[in-house]
Amino acid sequence: MPHDASVYIIDDEPEMCRSLALLLSTGGVPARTFGSADLFLDMIDALPVGIIICDVLMPGTSGIELVRRLPQMGRSDPVVVIAGHADVPLAVEAMKAGALDFIEKPFEACTIMNAIENARRLADERAAPLQCVEILSRREREVLALITAGSTSKQAARELGISPRTVETYRTKLMEKTGATSLAQLIRLGLEADHAASASVAHIAGGELDGQGIDQPAR
């Protein structure tokens, strides 16, 4: 994820939105604020993937519901939820639903900045498998897809009309290019790349729709 990727602040308390946006702007982090998860979801098709910081308990769509809906929409935005002391059990529920972390109010500036840095690192780790596959040739991708699907070298050879020895050669090249040290790791990389590609396609398809909402740029 680019270092200048946006952070989306979602909170029904205007003062919290302003304070967080100001804090991030002083650290050189671009931020956009939304007064509710529903406003964010209304505009999500027009927004690039970023880091989401949201209150766990809000009117309308809650932080937990937002976390659950993002994958269904093909989004991979890391989510950090904010919770008051009484809402910590809800924050834990949000993490079980897929949130990266939760921060308990009140919090210090370094806490939120560390959470954002961790979210960027997670996003980079999620993107790595897809980047590895992008450097492969068309034939190498075909072989990887068959290996990931569980095909043996003989089965892949029949499918592609080449010899099993050639498939083995491609598999060796695949491991060299992707850095995989075992067949299991190569298969895992292929599966993760498939998942990342599916999420990307879903997001692009969603982006063809016009989104509407209200946001406030950081100042």
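The model is predicted, so local features are kept only at pLDDT of at least 70 and side-chain atom pairs only at pLDDT 80 or more, while totals for chains, interfaces and linings use all residues. Residues are numbered from 1 along each chain as its sequence is written, and side-chain values use heavy atoms, with hydrogens and water left out.

**Overall picture**

- The chain has 9 helices and 6 strands; these are DSSP runs numbered from the N terminus, with helices (H or I) of at least four residues and strands (E) of at least two.
- Buried residues make up 39% of the 219 residues, where buried means under 20% relative accessible area, exposed means over 50%, and partly exposed is in between (1.4 Å probe, protein chains only).
- Of the contacts (heavy atoms within 4.5 Å) with a separation of 6 or more, 65% are between residues 24 or more positions apart.
- The accessible surface comes to about 11,600 Å², and 54% of that belongs to carbon and sulfur atoms; the areas come from the Shrake-Rupley method with a 1.4 Å probe, and for residues only the protein chains shown count as cover.

- Strand E3 (residues 51–55) is mostly covered, with 5 of its 5 residues buried.
- In a regular strand the side chains alternate between the two faces of the sheet.
- Here both faces of E3 are covered: Ile-51, Ile-53 and Asp-55 are buried on one side, and Ile-52 and Cys-54 are buried on the other.
- Strand E1 (residues 7–10) pairs with E3 in the parallel sense over 4 bridges; for two strands to pair, DSSP has to find at least two bridges between them.
- In that pairing, Ile-9 stands opposite Ile-53 of E3.
- E3 is also joined to E4 by 4 bridges, again running parallel, and the bridge partner of Ile-52 in E4 is Val-79.

**Two crossovers in a row**

- E3, H3 and E4 make a right-handed β-α-β unit; right-handed means that, with the strands pointing away from the viewer, the path from the first strand over the helix to the second runs clockwise.
- E4, H4 and E5 make another right-handed β-α-β unit.
- E4 and E5 run parallel and are joined by 4 bridges, with Ile-82 partnered by Ile-103 in E5.

**Helix H4**

- The buried residues of H4 (residues 88–97) are Val-88, Ala-91 and Ala-94.
- They sit on the same side of H4 because they cover an arc of only 105° around the axis, the arc being that of the directions from the helix axis to the C-beta atoms.
- Cover for the buried residues of H4 includes H3, E4 and strand E5 (101–104).
- The face of H4 turned away from its buried side carries exposed Pro-89 and Lys-96.

**Helix H7**

- In H7, the buried residues are Ser-153, Ala-156, Ala-157 and Leu-160.
- They share one side of H7, because their arc around the axis is only 105°.
- H6 and helix H8 (164–178) are among the elements that cover the buried residues of H7.
- Turned away from that buried side, H7 shows exposed Lys-154, Arg-158 and Glu-159.

**Loop residues worth a look**

- Asp-77 is in the loop between helix H3 (63–72) and strand E4 (79–83), and it counts as buried because its relative accessibility is 5%.
- The side chain of Asp-77 reaches the backbone nitrogen of Gly-50 at 2.9 Å.
- Ala-149 is in the loop between helix H6 (138–148) and helix H7 (153–160), and it counts as exposed because its relative accessibility is 64%.
- Ala-149 and Ile-187 are 38 residues apart in sequence and 8.4 Å apart in space, C-alpha to C-alpha.

**Backbone geometry**

- Most residues other than glycine have a negative phi, and most peptide bonds are trans.
- Lys-105 and Pro-106 are joined by a cis peptide bond, with omega at about -10°, and Pro-106 is in the loop between E5 and helix H5 (109–134).

Methods
A polar contact is a pair of N or O atoms within 3.5 Å; within protein, one must be able to donate a hydrogen and the other to accept it, and residues adjacent in sequence count only if both atoms are side-chain atoms.
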